[in-house]
Amino acid sequence: MPSLIKFVAAQEDNMYDEEILDSQVKADRFPFPSEGDITLAVRNKNFALGPVMVHIVMKPGSVIPPHKHEKLAEALYVVEGDFINEGKEYLPGTSLHVKAGKQHGPHSTKNGCSLLVLWTDKAATQDADLSDFVIAKGAH
């Protein structure tokens with residue numbers, strides 16, 4: 001029984017509601033109409049745990065056609081490579097933001113790229129309170 005108590009105590013001390021290691025994530029073929037070799041790995045699909053998060057890898061010459069997300073606002077972050085959106089090239093460190101229901105794309109790449117894409121529910125219409133940071137009691 002002592003080992004069960006240690007396990008429960010360890011779970012209660014965990015600071016995160018979910019921890020996803022790279023080894024736990026499977027990249028699948030991009031499931032929507034596209035050209036070329038594109039993979040998508042879902043990092044989070046539960047809005048209760050924050051924005052939906054996917055990792056997209058586009059191999060050289062890949063294209064995602066113009067599209068929109070009726071119910072989701074999108075934030076896209078270029079992790080590496082060259083990402084071309086509507087004919088304009090964006091390099092690593094760039095983020096692009098699109099409101100729900102707005103058409104965007106085509107997305108393409110010359111040499112390949114890696115993207116982190118976050119989606120939030122369109123019901124969120126106001127700025128986040130970025131000052132919402134409270135030090136936990138007993139923290140040093």
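## Lysine 26 and aspartate 28

In this predicted model, lysine 26 pairs up with aspartate 28 in a salt bridge, and their closest N and O atoms sit 2.4 Å apart. How exposed are the two partners? Lysine 26 is exposed, with 60% relative accessible area, while aspartate 28 comes out as partly exposed at 36%.

## Lysine 68 and glutamate 70

Next up is the salt bridge between glutamate 70 and lysine 68, where the closest N and O atoms are 3.3 Å apart. Here glutamate 70 is partly exposed at 47% relative accessibility, and lysine 68 is partly exposed too, with 46%.

## Glutamate 89 and lysine 110

Glutamate 89 and lysine 110 also meet through their side chains, with an N to O distance of 3.8 Å. That still counts as a salt bridge because the limit is within 4 Å.

What does this pair tie together? Glutamate 89 belongs to strand E7 (residues 88–90), and lysine 110 sits in the loop between strand E9 (107–108) and strand E10 (113–121), so the contact links parts that are 21 residues apart in sequence.

As for the surface, lysine 110 is exposed, with a relative accessible area of 54%, whereas glutamate 89 is partly exposed at 38%.

Note on methods:
Residues numbered from 1 in each chain as written. Predicted model: local features only at pLDDT ≥ 70, side-chain atom pairs only at ≥ 80, totals over all residues. Heavy atoms only, no water. Buried < 20%, exposed > 50% of the residue type's maximum accessible area, 1.4 Å probe, protein only. Helix = DSSP H or I, 4+ residues; strand = E, 2+ residues; numbered from the N terminus.
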